[in-house]
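The report below goes through one protein model, beginning with a single residue and then turning to the sheet, the ligand shell and the chain as a whole.

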Amino acid sequence: MGLRKNMNFLNNYKGKKVLITGHTGFKGAWLTQILLDLGADVAGYALEPYHERGLYNELRLSEKCRSIIADIRDQEELEKCIVEFQPDFIFHLAAQSLVLTSYQDPIETYGVNVMGTVHLLNSVRKLNQRCSVVVITTDKVYKNKEWEYPYRENDPLGGYDPYSSSKACCEIAMTSFRDSFFNFNEIANHKKYISSARAGNVIGGGDFSDNRLIPDLVKSLEANETLILRSPKAVRPWQHVLEPLFFYLKLAVLQLSDPSKYCGEYNIGPENDDILTVEELVQIAIEVFGKGHYECTGEQLVHEATTLKLDISKSKKMLNWSPLYNSREAIQKTMSWYESKDKIKTTRSQIEEFIREF
Ligand SMILES: NC(=O)c1ccc[n+]([C@@H]2O[C@H](COP(=O)([O-])OP(=O)(O)OC[C@H]3O[C@@H](n4cnc5c(N)ncnc54)[C@H](O)[C@@H]3O)[C@@H](O)[C@H]2O)c1
């Protein structure tokens, strides 16, 4: 693949061993395909895919990478996987990722998100070789004050619902591991480079999760039903799934070059003049798709933040990064994926297009 200068960092993945936890999920499957296309040797560690029609199955990834189907809380199995595979890079995406589910099963949510991360980082301690790790959390880690200001990386962590709170705990655990076991001052001995990335809500093809906006819209379009919106005025930093994924890839390479400069926490989201409400996003998606209806009659089932904005200045400055697609383009790419007949071809051409245009 010919790369433009600012995508040169992708050359670092050719022939490298990359472990992705959560590779059977929405973001993990996209990341697996990107890394396979870059010539990496990819292993995945996750549970069976939740949805028959999800991206992992569509792309037939079980045939293309080393796939370990196991629980992230199974310390023995996880450690065995990491020690045997000897990854150069780890992207930790495995999580109970839904807010509504976190209200229904808080124990599972904290167990997977917090202890899963602790198990992962503890297994990394058993690696002798150099390894770059990116822990994927979320924009929801901040103590949400329902104000207009975008959150910065040094704002207090919090989280009202168990999902958000568990991801904030995951950040605290990661920082403790970095200070205690992977300290910058001893990097020549342990050779471990660790950061976290806090992305906003992502959209893209191949997501069939329950209680997420685009999958719910696609399911309603297929069934010719009206989509019921529960929080039409809620504001979220939406972006195309490829934006945070390429950011994670860049961060993992840069932190190897200068850990004291790059290892840290980063927000990833759209520009602040490109933030949409739930209703605006659905309106554009319906317009792009050419059909569909919605009603704003649903009652909010659980407490969810109304306003959530991210300040992405640090990521822009430190990683010389900015979003490629505006929200309308992100919605267009997403809806055209769902409409397309050949999902493998569409996925790979959307990846290639992103790399070409970045
Ligand atoms: N999708 C979004 O809008 C969004 C936004 C911000 C952050 N994130 C974060 O990005 C990551 C990936 O999100 P996603 O949308 O792909 O989620 P997803 O729900 O589609 O995938 C979750 C993955 O984690 C794995 N997993 C869950 N429980 C596990 C367990 N006990 N053991 C092993 N694996 C387990 C699943 O098998 C799956 O592969 C998550 O950490 C999520 O919190 C997602």
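## Surroundings of Leu319

Leaving aside residues up to four places away in sequence, Leu319 touches Phe247, Lys250, Leu251 and Leu254. In this predicted model, Leu319 belongs to helix H12, which covers residues 313-319.

## The parallel sheet

Seven strands make up an open sheet, whose order is E3-E2-E1-E4-E5-E6-E11 and whose pairing is parallel. Strand E3 (66-69) and strand E11 (265-268) are at the edges and have a single partner strand each, so one side of each is left without a neighbour in the sheet. From one strand to the next, the twist averages 20 degrees. In general terms, the strands of a sheet pair through backbone hydrogen bonds, in either a parallel or an antiparallel manner.

Helix H6, formed by residues 162-180, packs on this sheet and touches E5, E6 and E11, while its direction makes about 160 degrees with that of E6.

## Strand E5 and its partners

Within the sheet, strand E5 (residues 131-136) runs parallel to strand E6 (residues 192-199), and six bridges join the two. Val133 has Ile194 as its bridge partner in E6, and Cys131 stands opposite Lys192 in that strand. Strand E4 (residues 89-92) also runs parallel to E5, to which it is joined by four bridges; here Phe91 has Val134 as its bridge partner in E5.

How many of the residues of E5 are buried? The strand is mostly covered, with six of its six residues buried.

## The shell around the ligand

The ligand is surrounded by 23 residues, of which the closest are Gly22, Gly25, Lys27, Ala46 and Ala95. Helix H1, spanning residues 26-37, gives the most to this shell, contributing three residues. Sorted by class, the shell around the ligand contains 11 nonpolar, nine polar and three charged residues.

## The chain as a whole

The protein chain comprises 14 helices and 13 strands. Its radius of gyration is 19 Å, close to the 21 Å that the globule rule gives for 358 residues, so the chain is as compact as a globular protein of that length. Taken along the principal axes, the box filled by the C-alpha atoms is roughly 60 × 45 × 40 Å.

Buried residues account for 49% of the 358 residues in the protein chain. When the contacts between residues at least 6 apart in sequence are considered, 81% of them join residues at least 24 apart.

Notes: Residues numbered from 1 in each chain as written. Predicted model: local features only at pLDDT ≥ 70, side-chain atom pairs only at ≥ 80, totals over all residues. Rg over C-alpha atoms; globule rule 2.2 N^0.38 Å. Buried ≥ 20, exposed ≤ 12 C-beta atoms within 10 Å, placed from the backbone. Contact = placed C-beta atoms within 7 Å. Near = placed C-beta within 6 Å. Nonpolar A, V, L, I, M, F, W, Y, C, P; charged D, E, K, R; others polar. Pairing = 2+ DSSP bridges. Axes fitted to C-alpha atoms, helices over the stretch in contact; angles between N-to-C directions.
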